[in-house]
Amino acid sequence: MAAITPLQCAKCGACTVVCPVFQAGGRESLSARGRLHLLEHLDPAQASDAYAEILSQCLLCGACSSVCSRGLDPPARFIAARKQLEKTAGCQVLLRAITQKALSNPALLAAIANLGRPLLDLLPADSGLRLRLGLPLESTILSPALPETPAEKSAPPALAYFPGCYATHLHREIGEATERIATAFTGNPPLRPKQQWCCGLAAENGGDTSTAKRLAKQNILAFARNTLPILTSCASCYSQLRRYPELLADDPAWQKKGQAFAGRLVEFSTFVAQAMETDPTFSFAASAKAHTVVYHDPCHLRFHAKITAPPREILRAIPGLRLVELANGPQCCGQGGLFHLAQPELAEKIRVRLLNQVEQAAPDLVTTTCSGCLIHIQQGLGHDPTRPEVRHLAILLAELL
Ligand code: SF4
Ligand code: SF4
């Protein structure tokens with residue numbers, strides 16, 4: 001039997017136990033092990049459609065990396081393969097396949113229709129939300145050259161703020177709530193540089209590396225006028241912004257800038273938990289509306305950044321609110337950036353498993369910090385008043401200041 005190198009899959013199967021897609025679909029090709037095996041034997045130049053399908057069946061959640069006995073990072077290999085696919089196929093095969101599926105997904109189309117045209121018109125041409133909602137991505141249109149960043153507020157802020165597309169364009173109350181909380185703890189509103197763009201996560205996950213790099217460079221420039229810590233209120237954006245040094249690794253000058261940028265990032269719940277610890281006299285008001293809450297761990301925080309304790313510490317400190325955990329522990333919601341568009345049936349199975357667990361826990365409220373998870377869970381629960389409300393953690397906390 002041939003020896004296994006440390007970089008090869010040992011076929012141990014540890015990843016199958018934690019993979020939400022494998023658990024939902026039950027086929028070997030849906031696991032990290034199966035997908036890695038297929039990628040080794042499938043030439044993307046010969047089988048671009050099949051290749052795109054295999055690659056689109058991964059949430060990129062990172063659960064497999066967290067348990068891999070060989071220390072492999074399968075999602076990183078799948079992202080690299082998606083980039084390779086874009087090069088070999090000469091067009092955005094994956095994105096095209098996803099868009100086609102999205103257009104035949106009635107639930108998604110209904111959700112988009114619910115948002116209303118005026119809201120959708122607010123989305124910039126290359127917002128990752130366009131991809132997440134299955135709308136045409138106008139990524140061939142280059143963004144305008146960066147103008148000089150205008151002078152911002154005169155009072156010295158302690159933080160800069162990256163809200164992301166969702167809190168900037170669709171649900172501005174998340175951005176406003178985050179700013180109120182940052183102001184409460186630091187004394188001044190955070191600086192919100194005007195030239196920031198989409199974090200680029202959806203573009204990179206879809207294999208469109210050139211768009212992801214362009215957005216990364218624009219964001220680095222937007223925050224380059226100072227060295228303030230950069231607060232982020234979306235788990236997906238935070239995860240992608242941290243990746244900038246890796247994304248820009250082929251250009252040493254930009255990689256260095258990406259490293260400096262990533263070193264300044266502060267995740268929202270971590271910021272609040274640390275601020276509360278620094279000021280033991282601080283307390284949120286008692287929760288009058290909600291009595292029990294479930295915190296949904298976004299995979300981008302749970303597996304990528306390994307941030308799970310701070311949001312729970314915050315919620316446990318709110319008078320009158322009881323934090324309840326799901327019977328089977330934290331679970332993926334099935335959104336996965338573009339996954340729910342590429343694989344609507346699998347995504348629905350994963351979401352139903354989560355919602356069944358939520359139903360058992362019977363909270364008044366589900367809270368999280370990821371825009372993708374928020375949209376997906378809200379769509380799953382619908383507008384049924386007997387089911388729990390879903391709110392961003394910043395909105396919940398801002399109401400209790
Ligand atoms: S990243 Fe998540 S969905 Fe993809 S193979 Fe790993 S565990 Fe499964
Ligand atoms: S846990 Fe790692 S080594 Fe084991 S089967 Fe999965 S990918 Fe392969």
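Predicted model: local features only at pLDDT ≥ 70, side-chain atom pairs only at ≥ 80, totals over all residues.
**View 1. Lys 11 sits in the segment before H1.** Residues are numbered from 1 along each chain as its sequence is written, while chains are lettered from A and ligands numbered from 1 in the order in which they are written. Lys 11 has a positive phi of about 60°, although it isn't a glycine. Lys 11 counts as exposed because 12 other C-beta atoms lie within 10 Å. (With C-beta atoms placed from the backbone, a residue is exposed if 12 or fewer others lie within 10 Å of its own, buried if 20 or more do, and partly exposed in between.)

**View 2. Lys 306 lies in the loop between helix H19 (299-305) and H20.** Here's another residue that is not a glycine but has a positive phi of about 60°. Is Lys 306 buried or exposed? Lys 306 is exposed, because it has 10 C-beta neighbours inside 10 Å.

**View 3. Ligand 1 has 15 residues around it.** A residue makes the list if its C-beta atom, placed from the backbone, lies within 6 Å of the molecule. Coming nearest are Cys 19, Ala 32, Cys 58, Cys 61 and Cys 64. At least two shell residues come from each of helix H1 (14-18), helix H2 (20-25), helix H5 (63-67) and helix H6 (74-89). Sort the shell by class and you get 14 nonpolar, one polar and no charged residues. (Nonpolar means Ala, Val, Leu, Ile, Met, Phe, Trp, Tyr, Cys and Pro; charged means Asp, Glu, Lys and Arg; the others, Gly among them, are polar.)

**View 4. Ligand 2 is surrounded by 17 residues.** The closest are Cys 9, Cys 12, Cys 15, Arg 33 and Cys 68. Two or more shell residues come from each of H1, helix H3 (32-41) and H5. Which element gives the most to this shell? That's H3, with three residues. This shell divides into 12 nonpolar, two polar and three charged residues.

**View 5. Helix H14 (residues 209-222) crosses helix H17 (residues 252-263) at roughly 60°, with axes that come within 10 Å.** So H14 is oblique to H17. (Axes are lines fitted to C-alpha atoms, for helices over the stretch in contact, with angles running from 0 to 180 degrees between N-to-C directions. Under 35 degrees is roughly parallel, over 145 roughly antiparallel, 65 to 115 roughly perpendicular, and the rest oblique.) On the H14 side, Ala 216, Lys 217 and Ile 220 meet Trp 254, Lys 257, Gly 258 and Phe 261 in H17. Residues are in contact if their C-beta atoms, placed from the backbone, lie within 7 Å. By class, this contact has four nonpolar, one polar and two charged residues.

**View 6. Helix H15 (residues 235-242) is mostly covered, with eight of its eight residues buried.** Among them are Cys 237, Tyr 238 and Arg 242.

**View 7. Helix H18 (residues 268-278) has Phe 268, Ser 269, Thr 270, Phe 271 and Val 272 buried.** The buried residues of H18 pack against several elements, including helix H12 (172-186), strand S2 (230-232) and helix H24 (393-399).

Technical notes: Helix = DSSP H or I, 4+ residues; strand = E, 2+ residues; numbered from the N terminus. Contact = placed C-beta atoms within 7 Å.
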